Amino acid sequence: MSSRDLKELSEADALRLLAGAPLGRIVFTRHALPAVRPVNHIVDDGQIVIRTNPGTVLSTEVAPSGAVVAFEADELDMDEHLGWSVIVTGMAQLVDDPEEAARFKARLRPWVAGEMDQVIRIRPEIVTGFALVPRSTPDGDASAQ
């Protein structure tokens, strides 16, 4: 296997890749420790939107307090050692406008059973993304790998 280069992605490219990922992970603090939940999501106007059941830690503790969270998604080819990873850091907030929440609910179908009536948005403050790409040759031709 040839070596790979790690290429930093622009914010626009990172959000575009994130929008195409079917699943991501929200990272938050619970009892002063990191916690991670896999969730499906959409990206709307640069914001990450998820749904959750009322009464979950995300809807009762994280979003109402405007907690800082991270959201990560990736797509990696384990055989070819190619792919990307994007991490967004920002504040989680409940979407409390009924019309806006209805619009998000119509676009975002939960993967798990339950009410999933709470809509949470993450407003990105920091967006980082990296891609594992074929290593370029000295003449700049990556296809020779």
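This is a predicted model: local features need pLDDT of at least 70, side-chain atom pairs count only at pLDDT 80 or more; totals for chains, interfaces and linings use all residues.
Computed along the sequence, Pro-34 and Thr-89 are separated by 55 residues, while their C-alpha atoms lie 14 Å apart in space.

## The largest pocket

Strand 3, which spans residues 33-39, also takes part in the lining of the largest pocket, where it supplies the largest share, three residues. The space in this pocket amounts to about 260 Å³. Its lining is made up of 14 residues, and those closest to the centre are Pro-38, Val-39, Thr-52, Val-112 and Met-116. Two or more lining residues come from each of strand 3, strand 5 (47-52) and helix 2 (57-62).

What classes of residue make up the lining of the largest pocket? Eight of the residues are nonpolar, four are polar and two are charged.

## A nonpolar patch on the surface

Elsewhere in the description of the model, the surface carries a nonpolar patch formed by Leu-6, Leu-76, Met-78, Phe-130 and Leu-132. Together these residues have about 490 Å² of accessible area.

One member of the patch, Leu-76, is placed in strand 6, which covers residues 68-77. Is Leu-76 exposed, partly exposed or buried? Leu-76 counts as partly exposed, because its relative accessibility is 41%, a value that falls between the limits of 20% for buried and 50% for exposed residues.

How values were computed
Residues are numbered from 1 along each chain as its sequence is written. Side-chain values use heavy atoms; hydrogens and water are left out. On a 1 Å grid over the protein atoms alone, a cavity is a set of points where a 1.4 Å probe fits but cannot get out, and a pocket is an open set with protein on both sides within 12 Å along at least five of seven lines; lining residues have an atom within 4 Å of a point. Grid points are joined across faces, edges and corners, and a volume is the space filled by probe spheres set on the points. Helices (H or I, at least four residues) and strands (E, at least two) are DSSP runs, numbered from the N terminus. Ala, Val, Leu, Ile, Met, Phe, Trp, Tyr, Cys and Pro count as nonpolar, Asp, Glu, Lys and Arg as charged, and the others, Gly among them, as polar. Patches are made of residues with over 30% relative accessible area and no salt bridge: like charges are joined within 9 Å, nonpolar side chains (Val, Leu, Ile, Met, Phe, Trp, Tyr) within 5 Å. Accessible areas come from the Shrake-Rupley method with a 1.4 Å probe; for residues, only the protein chains shown count as cover. A salt bridge is a side-chain nitrogen of Lys or Arg within 4 Å of a carboxyl oxygen of Asp or Glu. Buried means under 20% relative accessible area, exposed over 50%, partly exposed in between (1.4 Å probe, protein chains only).
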